[in-house]
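Subject: Structure for your files

Hello,

Please find the sequence and structure below. My notes on them follow.

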Amino acid sequence: MSVADQSYLESVKKQFLYYKMLGEKAMDQLEPEQLFTAINQDTNSIATIVKHISGNMLSRWTDFLSTDGEKEWRNRDAEFENDLQSKEQVLEIWNKGWNVFLETLNSLKPEHLSTVIYIRNEGHTVIEAINRQLAHYPYHVGQIVFYAKQLKNSEWNSLSIPKNKSGNYNAEKFAKEKEIKNFTDDELKRLK
């Protein structure tokens, strides 16, 4: 087991948790009915984006090391048809996907990282598969955050450095001693 491999796994776990929390904090700021708003036929509501992310997670991460990541039972097209009716259903679907994904991610060992898995018959090392999702899930969480900011009827509670506060943020960071840690450590604490 390499220290770098273990460090990689710890780092990606923190990053995924950070993006999960960003999505949740964005959705928490909305009225329940706003989760179902789509501005035109070519856009997806937040509920639909959640349904897609969850469907992807369930397919990719169920029996991750032993079966193709595009399961026969997955109906990707149906993920973009919104049949969810409540905020509770949206959060249930959200958590169902994240739970399967995080359980699998937490079960991985450094020796798994070079194992080849398949997604639609295309071979990926476990590292490549994780990196693929580290680009995919934050892409959709970014959509959720952007959309939520547009839909919010009152003041937005910033999920990053608030406008016109970069100087204060940097001053606080540079006032501390240098240390090695993941950027998400402070952010996860701040957003809780």
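Ser-54 lies in helix 2; helices (H or I, at least four residues) and strands (E, at least two) are DSSP runs, numbered from the N terminus. With a relative accessibility of 3%, Ser-54 is buried, where buried means under 20% relative accessible area, exposed over 50% and partly exposed in between (1.4 Å probe, protein chains only). Leaving out residues up to four places away in sequence, Ser-54 touches Ile-93, Lys-96 and Gly-97; contact means heavy atoms within 4.5 Å.

The model is predicted: local features need pLDDT of at least 70 and side-chain atom pairs count only at pLDDT 80 or more, while totals for chains, interfaces and linings use all residues. Residues are numbered from 1 along each chain as its sequence is written, and side-chain values use heavy atoms, with hydrogens and water left out.

Overall layout

The chain has 6 helices and 2 strands, in the order α-α-α-β-β-α-α-α from the N terminus. Its C-alpha trace spans about 50 × 45 × 25 Å along the principal axes. Of the 192 residues, 41% count as buried. Among contacts with a separation of 6 or more, 76% are between residues 24 or more positions apart.

Ser-86 is partly exposed, at 21% relative accessibility. Its C-alpha atom is separated by 39 Å from that of Val-116, which is 30 residues away along the chain.

Core and aromatics

The largest nonpolar core has 44 residues. Such a core is a set of buried Ala, Val, Leu, Ile, Met, Phe, Trp, Tyr and Cys residues joined through side-chain atoms within 4.5 Å. Phe-16, Ile-46, Phe-101, Ile-130 and Ile-144 have the most contacts inside this core. Two or more residues come from each of helix 1 (3-28), helix 2 (46-61), helix 3, strand 1 (116-119) and helix 4 (126-151). Helix 4 gives the largest share, 11 residues.

Phe-101 is in contact with Phe-16, Met-57, Trp-61 and Tyr-137, its neighbours within four places in sequence left aside. One aromatic cluster takes in Phe-16, Trp-61, Phe-64, Trp-94, Trp-98, Phe-101 and Tyr-137.

There are 9 aromatic pairs in the structure. Rings of Phe, Tyr and Trp (its six-membered ring) pair if their centres lie within 6.5 Å; planes under 30 degrees apart count as stacked, over 60 as edge-to-face and the rest as tilted. Trp-94 and Trp-98 make a tilted pair, with 5.6 Å centre to centre and 50° between the planes. Both lie in helix 3 (residues 87-107), and because they are 4 residues apart, about one helical turn separates them. Trp-94 is buried at 1% relative accessibility, and Trp-98 is buried with a relative accessible area of 1%.

Largest pocket

The lining of the largest pocket consists of Tyr-169, Lys-173, Phe-174, Lys-176, Glu-177, Lys-178, Glu-179, Lys-181, Asn-182, Phe-183, Asp-186 and Glu-187. On a 1 Å grid over the protein atoms alone, a pocket is an open set of points where a 1.4 Å probe fits, with protein on both sides within 12 Å along at least five of seven lines; lining residues have an atom within 4 Å of a point. Helix 5 (166-174) and helix 6 (184-191) each give two or more residues to this lining, and helix 5 gives the most, with 3 residues.

Regards
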